[in-house]
Amino acid sequence: MNLQIQHIAKKFHNGTKALADVDFSVSQGEFVSVIGPSGAGKTTLFRILNGMMECTGGQVLLDDKRFDSLKGRKKRELQKSIATIYQDFCLVENSTCLKNVLTARLPDMGFFQGMFGLYGKTRKEEALKLLDRVGLPEKAEEPVKNLSGGQKQRVAIAGVLAMSPQIIIFDESTSMLDPQGKAEINELIQEIHKESKMTIISITHDIEEVAHSDDVIVMDDGRIVMHGKPEEILLQEEKLIDLKLDIPFSLKFTKALQKQGIEIEACTTMERLVDEVCRLHFDK
Ligand code: ADP
C-alpha cells in the first residue's frame, strides 16, 4: 500500500501552526523514520496518519484514495490497513498476553468476544504462533501486568501482526524502555520488516533505529527540514546537533578514530563499523 502525504498543514484552534506543507510519500514495503526535536510536529503528523485527527490543509492518500476526508464506515474500512504501536503499549494489563493478542484484531468486538470466549481454535493457534514469533511463547497465559516494558511492547506487536495491516506506524515505541529493551524491539521491528515487507513508519527519538531505515524525514517547527537516506542525513552532524538530535554511536566512534589519524570510513550502523574494523585489522 502506497501512502502519499501531500502538502499537509495543521492549525489548531488556538492559532498554533503545528504542521506546514509536509509533503512526502512512502512506497509499499518501505521503512521510513520520522525524527525531530520536541514540538516539531511529529505527534500531530502521527495522529493525522492514523486518522485520529483531521488536517486543515493538504491531503493524505492511501493507494491513491483520499483518506483524510473520509468519515464513518468508509474511513474505518481503510483504517484497518493501518495499525499503530504506541509508546505506552495500550494493552489490557489485567488480561493475559494471549487474550490481548486475540482482542487486538477487532478492537470493537474484542471485549464481547473475550467475555463469551468466542475466539475459535484457529484464531488461538494463530495468536500463539505470533507470541512465539515475538519471543514470548511461554507467556501466553501470563497477565500483561507481570511483564517487563520490552515484553509488553512485544505483546503489542503480536497484536498488531494479528490484524495483518499493510502499514504499521510506531509512535515512540521504544521511548519507555531500558537500553536492552530498546535494542530488542528495534531488532524485532527490523526482522518483521524484512520478513513481511510491510510498510513501516517509525516516529522516534532513537537515532540507532533511524540508521536502519530506508528513508529518514527530519522535522522541525512543523516542517520537513531534511529528507534522505540515513547515510546522507546522519553524516550531517552539525545540522543534527543544531536540531538537538544525536548521531549513532558507530558514527561517533569512527569520527573519534578519524581524529586520531586512522583511515576508517564513517559508519552509521554497528554492522558497518564491525566490517570496517575487521577490514582494518586484516589489512594491516
Ligand atoms: P512533537 O510530537 O514533535 O513534540 P507535537 O505535534 O506534539 O510535536 O506539537 C507540535 C506543536 O503543536 C507544538 O507547538 C505543540 O505545542 C502544538 N500542539 C500540539 N497539540 C496541540 C493542541 N491540541 N492544541 C494546540 N496546540 C497544540
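Mentor: We shall take a pair of helices and then the nonpolar cores. This is a predicted model, in which local features need pLDDT of at least 70, side-chain atom pairs count only at pLDDT 80 or more, and totals for chains, interfaces and linings use all residues. Residues are numbered from 1 along each chain as its sequence is written, and side-chain values use heavy atoms, with hydrogens and water left out.

Trainee: At what angle do the axes of helix 6 and helix 7 cross?

Mentor: Two packed helices are described by the angle and the distance between their axes. Here the axes of helix 6 (residues 149-162) and helix 7 (residues 179-196) cross at roughly 20° and come within 10 Å. Helix 6 is therefore roughly parallel to helix 7 (angles under 35 degrees count as such).

Trainee: Which residues make the contact?

Mentor: Helix 6 contributes Gly150, Gln153, Arg154, Ile157 and Leu161, while helix 7 contributes Glu184, Ile185, Leu188 and Ile192; contact means heavy atoms within 4.5 Å.

Trainee: Which residues touch the most other members of the largest nonpolar core?

Mentor: In soluble globular proteins, nonpolar side chains tend to be buried together. A nonpolar core is a set of buried Ala, Val, Leu, Ile, Met, Phe, Trp, Tyr and Cys residues joined through side-chain atoms within 4.5 Å, buried meaning under 20% relative accessible area (1.4 Å probe, protein chains only). In the largest core, of 33 residues, they are Leu131, Val155 and Ile157. Helix 6 gives this core its largest share, 7 residues.

Notes: Axes are lines fitted to C-alpha atoms, for helices over the stretch in contact, and angles run from 0 to 180 degrees between N-to-C directions. Helices (H or I, at least four residues) and strands (E, at least two) are DSSP runs, numbered from the N terminus. Angles under 35 degrees count as roughly parallel, over 145 as roughly antiparallel, 65 to 115 as roughly perpendicular and the rest as oblique. Buried means under 20% relative accessible area, exposed over 50%, partly exposed in between (1.4 Å probe, protein chains only).
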